[in-house]
Amino acid sequence: MKKKLALINMGIGNINSVFNALVRLNYKPYIVEDGKSLLKYSPTHIILPGVGAVGEALNSLEKKQFIMALNDLVIKKSVFFLGICLGMQILAKTCEEFKVYNALGWIEGNVKRLLNNNLSLPHMGWNTIKISSGNSFLKNINNEDMYFAHTNVMYCEKSVEIGKTYYGTNFTSIVKKKNILGIQSHPEKSGRIGELFLQNFYDQN
Amino acid sequence: MYKRRLIPILFFRNGWMVRSQQFKIHQIIGDPYSHVERMKEWDVDELVILDISTDQNITHNRKDYKIKPVENILELIRKLSIESHMPLTFGGNIKNINDIETIICNGADKVAINTITNTNPNIITESAKIFGRQAIVSSIDYKIVEGKAIAFSDKGRIMLEEDPIELGKRLEGLGAGEILLQSIDNDGEARGYNYEIINNLVDSVSIPVIACSGAGNKFHILDCFNKTRAEAIAAGNIFHFTENAYPIFKAFLKINRSDIR
């Protein structure tokens, strides 16, 4: 089957980094601006890049009618989904930032400030992702350094955690549930290993 | 394991990359594109580009240079974002939120702001709300005046009333996600970092600090990693005058410390 990769533009922050990383891999990401065009495009793979604040992001997803479309494609039709950074965080039931927001709720968990014994936040820079459970999404990826830039993390059921990272405490850095994948770091900023991660996602059939 | 970063800073001025000394003397060291190209090859932890241009119109175009000056810095950022995966901070001459948005939408991951914060401190709060605080780097320049550290703005031209530590705390409160600390006295002097001020700042804020100014050799950088708790250490001039300086320094640091990528 021909692959169709949709890149969701929430309209906040910079999606160019992810777009450019995908183009460097010779993929043809299609940028979608609202839920209607996402449904119309009928993708096989969806990437939700996220930088910015969670309130703005959820607002924009709602306003652009992405939430309904995503529920239809990812939950009902099992389209492969990758959420990056904030895009991973909004998979949880709730996200706390200034106040508590209801998020997509695809993963049993909530997102809040990383409790890390007084290390600086945001957690900024390169850190190791320890792979706790191998699968096809993580082919040829072992314990590797990736680039992080975030303050909040997802506290979730351990059954979906496939990667974790230590920053004063262990936190979940990669989650997987069926066709849904989320990563807290930025593969688009993480060199060869980040590319490999994006490749593995795109290779899912 | 969390890795502390070694960050090259490129100073862009009126179309060229320059080296900087005490924020006053600037010598052209070449074409911005070839400098950026080198950073890509070195696979740096992160890159900071600071635009310290003074003229709005770049008329300077010496005949003895084969290469033309870069007139549009945004084009350089775009090219970087298309061709490389380096985390990129861009700063300098930022006037408002629109400028921040333009820079981020052209491919920078973070912006560094300084002078505008004095007249409009809320720009930090507002932009952090839109782009996330991880995207907002507050830059602090300071100088020792009569034995006391004092913060400066506008490329070292305006003396402020706060010391860099007080200012750092205030910027954190406003929503800054990181602080880039530069010493005007040590800029380009190659005599080592000011460990005391760096540690004072690191101990006073709970956001990451990027310590800059003073690296003259690899031992200065290692010393700064050993003697301070700064999350990242930056340097400018030194990367331009030693062949393959970045990879060589990285290899040296890795022998001595485990928290280097």
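This is a predicted model: local features need pLDDT of at least 70, side-chain atom pairs count only at pLDDT 80 or more; totals for chains, interfaces and linings use all residues.
**Reading backbone, helix packing and cores**

Me: Where is Cys85(A), and is it buried or exposed?

Reply: Cys85(A) is in strand β4 of chain A, and it is buried, with a relative accessible area of 5%, where the cut-off for buried is under 20%. Its phi is positive as well, about 55 degrees, although Cys85(A) is not a glycine.

Me: Which residues does a cis peptide bond join in chain A?

Reply: The bond joins Leu121(A) and Pro122(A), with omega at about 0 degrees, and Pro122(A) belongs to the loop between β7 (107-113) and β8 (123-131) of chain A.

Me: How should I read the packing of two helices, and at what angle do α1 and α2 of chain B pack?

Reply: Two packed helices are described by the angle between their axes and by the distance between those axes. For helix α1 (residues 32-42) and helix α2 (residues 73-83) of chain B the angle is about 25 degrees, and the axes are 11 Å apart. Angles under 35 degrees count as roughly parallel, and α1(B) and α2(B) are therefore roughly parallel to each other. Their crossing is right-handed. On the α1(B) side the contact is made by Pro32(B), Tyr33(B), Val36(B), Glu37(B) and Lys40(B), and on the α2(B) side by Glu75(B), Leu76(B), Lys79(B), Leu80(B) and Glu83(B); these residues divide into five nonpolar, no polar and five charged.

Me: At roughly what angle do α3(B) and α5(B) cross, and which residues make the contact?

Reply: The axes of helix α3 (residues 97-105) and helix α5 (residues 122-131) of chain B cross at roughly 35 degrees and come within 10 Å, and this crossing is right-handed. From α3(B) the contact takes Ile97(B), Ile100(B), Glu101(B) and Ile104(B), while α5(B) supplies Ile123(B), Glu126(B), Ser127(B), Ile130(B) and Phe131(B). The residues of this contact divide into six nonpolar, one polar and two charged.

Me: How do I read a nonpolar core, and which residues of the largest one touch the most other members?

Reply: In soluble globular proteins, nonpolar side chains tend to be buried together. The largest nonpolar core here has 70 residues, of which Leu47(B), Ile49(B), Ile221(B) and Phe239(B) touch the most other members. Helix α10 (residues 245-256) of chain B gives the most to this core, with five residues. A second, separate core has 36 residues, including Phe66(A), Leu73(A), Ile90(A) and Cys95(A).

Me: Which residues of helix α1 of chain A are buried, and what do they pack against?

Reply: In helix α1 (residues 16-24) of chain A the buried residues are Ser17(A), Val18(A), Asn20(A), Ala21(A) and Leu22(A). They pack against β1 (5-8), β3 (45-50), β4 (80-85) and α6 (191-202) of chain A, together with α2 of chain B.

Terms used. Residues are numbered from 1 along each chain as its sequence is written. Chains are lettered from A and ligands numbered from 1 in the order in which they are written. Side-chain values use heavy atoms; hydrogens and water are left out. Axes are lines fitted to C-alpha atoms, for helices over the stretch in contact, and angles run from 0 to 180 degrees between N-to-C directions. Helices (H or I, at least four residues) and strands (E, at least two) are DSSP runs, numbered from the N terminus. Angles under 35 degrees count as roughly parallel, over 145 as roughly antiparallel, 65 to 115 as roughly perpendicular and the rest as oblique. A crossing is left-handed if the near helix is turned anticlockwise from the far one by less than a right angle, and right-handed if clockwise. Contact means heavy atoms within 4.5 Å. Ala, Val, Leu, Ile, Met, Phe, Trp, Tyr, Cys and Pro count as nonpolar, Asp, Glu, Lys and Arg as charged, and the others, Gly among them, as polar. A nonpolar core is a set of buried Ala, Val, Leu, Ile, Met, Phe, Trp, Tyr and Cys residues joined through side-chain atoms within 4.5 Å. Buried means under 20% relative accessible area, exposed over 50%, partly exposed in between (1.4 Å probe, protein chains only).
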